[in-house]
Amino acid sequence: MIHSIGVKTIDGVANLGRFAIFATRAHVVSLKSCFSPKSYSLIWAQMNIIGVHSVPVVMVTGAFVGMILALQAYGQLASMGLEEHLGVLINIAVVKELGPVLAAVMLAGRVGGALTAELGTMNVTEQIAAVESMGTDPVRYLVTPRLVACLLLTPVLIVFADLLGIAGGYFVSVIQFGINSRAYIDFSAQGVELWDLGTGIVKGFFFGGAIAMISCYKGFTCKEGAQGVGQACTEAFVGSFMTILGLNYVFAVVAKAIYSTFWPVQSLL
Amino acid sequence: MIKASVQPNDGLIVVRNIVKSFGRLLVLDNVSLAVEEGKTTVIIGPSGCGKTVLMKHMISLVRPNEGEVYFKGERIDELNERQLARIRVEYGFLFQMGALFDSLSVYENIIFPIQQHHKITDWKAIDELVKQKLAMVGMDGFQMQFPSNLSGGQQKRVALARAIAMDPNVIMYDEPTTGLDPIRSDVINELILKLKRELKVTSIVVTHDMKSAYKIADRIVMLHEGKIIADGDADHIRNHPHPVVEQFIEGKIGEADLAALRHGGTKFQTQYAKDDFK
Ligand SMILES: Nc1ncnc2c1ncn2[C@@H]1O[C@H](COP(=O)(O)OP(=O)(O)OP(=O)(O)O)[C@@H](O)[C@H]1O
Ligand SMILES: [Mg+2]
């Protein structure tokens, strides 16, 4: 019993160490290949698959988040006569938390799952070894384009989610509930700061990196057979999801600290 | 126990006292082998005895737990990926399952190694090269197909074309004739002989096909339970006194395996009489 706990712990730590080495190497190699035009076409192709094709799901996710927030919050605020403030609530929630996190979770499912399955299959059919045997670094050829695409495009996708979230909230509030459009927009503009929007988008950078690293790592270390690939995909999704939530919390704490240091006057108001 | 002593400069590729285990499974147990330049070395041995693992050591795709691997006298098992790239461009490696990139067409698969190391400007010449390499394995005309649309044997042959695309000095074939019909197998045998004759290629071939082994080998090495148990030319192996070797090359089933099968009869019916085919 104690023995097995020990073995599991050591395994876990060793695995974390290997992941850290993998992630560090991937970032170093990626940084280098940003300056070599040879890898641009690979990065471009991945941006298309990872970014462009994710736009619809992310937009739908954002729109529904905005709409449901409006629907649920309206009753509460209206009973206090505060319905014109609905915009602040919806937009802060969307821009700061729900937009980034839900967009990232969508990406973890859509992109992360596909990444792990693709790389995992390549691993078990020795295609990764084949890349290696031909003198090409598989991290540079396979991981870098995916990592760069995720890093660059997750923030952009979050902007799409935010945009549609804001629009969804606006439509339900103004058209369905008949809130004065002018008031809705004015209160929102006062309530939501550039800081809120900025932190939400910057988070995307970290979420994107986490999704790419975890999914690629799981693909590269995938066990033999169809079952191995399936298991790797599950682990990659659960891992990415947990990491997104964890990172989000850490990010909120850090952002709060920074905010209250640099905007002390505003936070007193 | 057989213990050979080899020095880093004894051959083009030298593995020295390597030990390799995966978890608790000991696969290679103190194996030493020096592969001579310009010769064809065939590795035989029962399924699962570590032939593929041994071959992967020679290109540093797998690293030993103990022991060293040398290429042209330079130690390669401790190099990192980037340093290995320089060495690996001299190799062509045919994987046991082909390992074609399934997201790329046959054409793109074959130009992959070239594209990785050179800037292609003259596409006409590349087209010609791809055509020539594919023709060598009897696959010309399949350029635009995807690997998933090819049969196993066809994939293997395209993979072989990819392995020789860069005109490597060393070619490693992991079971080149498995999954091919007898005539195709012989075409591959001839190809291996031709590459040796004309381009002085050093070949390392893993195979179960003894006919092919006798035909192409300058030297045959037999691996059994992680150790080398026989080493010599075709005639030496053909007349080898070791019972395990003898049994293996003649494809005779062992007593223990026979006993396991000795349940139930093997009577069967045929729909034809011998005279029907006259
Ligand atoms: N990456 C790996 N992880 C764990 N075990 C491995 C790995 N690669 C090989 N093995 C094990 O090493 C042993 C030898 O494998 P290897 O592929 O070298 O056999 P082989 O001699 O090529 O057999 P075959 O003729 O069937 O191809 C097998 O038992 C296999 O399970
Ligand atoms: Mg094998």
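Helices (H or I, at least four residues) and strands (E, at least two) are DSSP runs, numbered from the N terminus. With that in mind, select chain A, whose secondary structure comes to 10 helices and 0 strands, following the pattern α-α-α-α-α-α-α-α-α-α when read along the sequence.

Before going on, note that this is a predicted model, in which local features need pLDDT of at least 70 and side-chain atom pairs count only at pLDDT 80 or more, while totals for chains, interfaces and linings use all residues. Residues are numbered from 1 along each chain as its sequence is written, chains are lettered from A and ligands numbered from 1 in the order in which they are written, and side-chain values use heavy atoms, with hydrogens and water left out.

**Chain A as a whole**

Along its principal axes, the C-alpha trace of chain A spans about 70 × 50 × 40 Å. Of its 269 residues, 44% count as buried, where buried means under 20% relative accessible area, exposed over 50%, and partly exposed in between (1.4 Å probe, protein chains only).

**Two helices that cross**

Next, select residues 138-176 of chain A, which form helix α6, together with residues 181-191, which form helix α7; their axes come within 10 Å and cross at roughly 140°. Axes here are lines fitted to C-alpha atoms, for helices over the stretch in contact, and angles run from 0 to 180 degrees between N-to-C directions.

**A loop residue in chain A**

Now pick A:Glu126, in the loop between α4 and α5 (127-133) of chain A. A:Glu126 has a positive phi of about 65° although it is not a glycine, and at 19% relative accessibility A:Glu126 counts as buried.

**Salt bridges**

Because A:Lys203 lies in helix α8 (residues 194-220) and A:Glu97 in helix α4 (residues 86-124) of chain A, the pair ties together parts that are 106 residues apart in sequence. A:Lys203 is buried, with a relative accessible area of 4%, whereas A:Glu97 counts as partly exposed at 30% relative accessibility.

Move to chain B and select B:Glu190 and B:Lys215, which form a salt bridge with their closest N and O atoms 2.9 Å apart. This pair links distant parts of the chain, with B:Glu190 in helix α6 (residues 182-199) and B:Lys215 in helix α7 (residues 210-216) of chain B, 25 residues apart. B:Glu190 counts as partly exposed at 36% relative accessibility, and B:Lys215 counts as partly exposed at 33%. After that, display A:Glu132, B:Arg63, B:Glu81 and B:Arg88 together, for salt bridges that share partners join these four residues into one network.

Select B:Asn17 in strand β1 (residues 13-22) of chain B; B:Asn17 has a positive phi of about 50° although it is not a glycine, and B:Asn17 is partly exposed, with a relative accessible area of 29%.

Then go to B:Asp174, found in strand β7 (residues 170-174) of chain B, which is buried with a relative accessible area of 0%. The C-alpha atoms of B:Asp174 and B:Ile216, 42 residues apart along the chain, are separated by 14 Å.

The next stop is B:Ser148, in the loop between α4 (123-136) and α5 (152-163) of chain B, which counts as exposed at 59% relative accessibility. From B:Ser148 to B:Gly48, 100 residues away along the chain, the C-alpha atoms are separated by 27 Å.

**Last stop: a nonpolar patch**

Return to chain A and select A:Tyr249, A:Val250, A:Val253, A:Val254, A:Ile258 and A:Phe262, which make a nonpolar surface patch of about 610 Å². Patches are made of residues with over 30% relative accessible area and no salt bridge, like charges being joined within 9 Å and nonpolar side chains (Val, Leu, Ile, Met, Phe, Trp, Tyr) within 5 Å; accessible areas come from the Shrake-Rupley method with a 1.4 Å probe, and for residues only the protein chains shown count as cover. A:Tyr249 has its place in helix α9 (residues 225-262) of chain A, and at 60% relative accessibility A:Tyr249 counts as exposed.

Conventions
A salt bridge is a side-chain nitrogen of Lys or Arg within 4 Å of a carboxyl oxygen of Asp or Glu.
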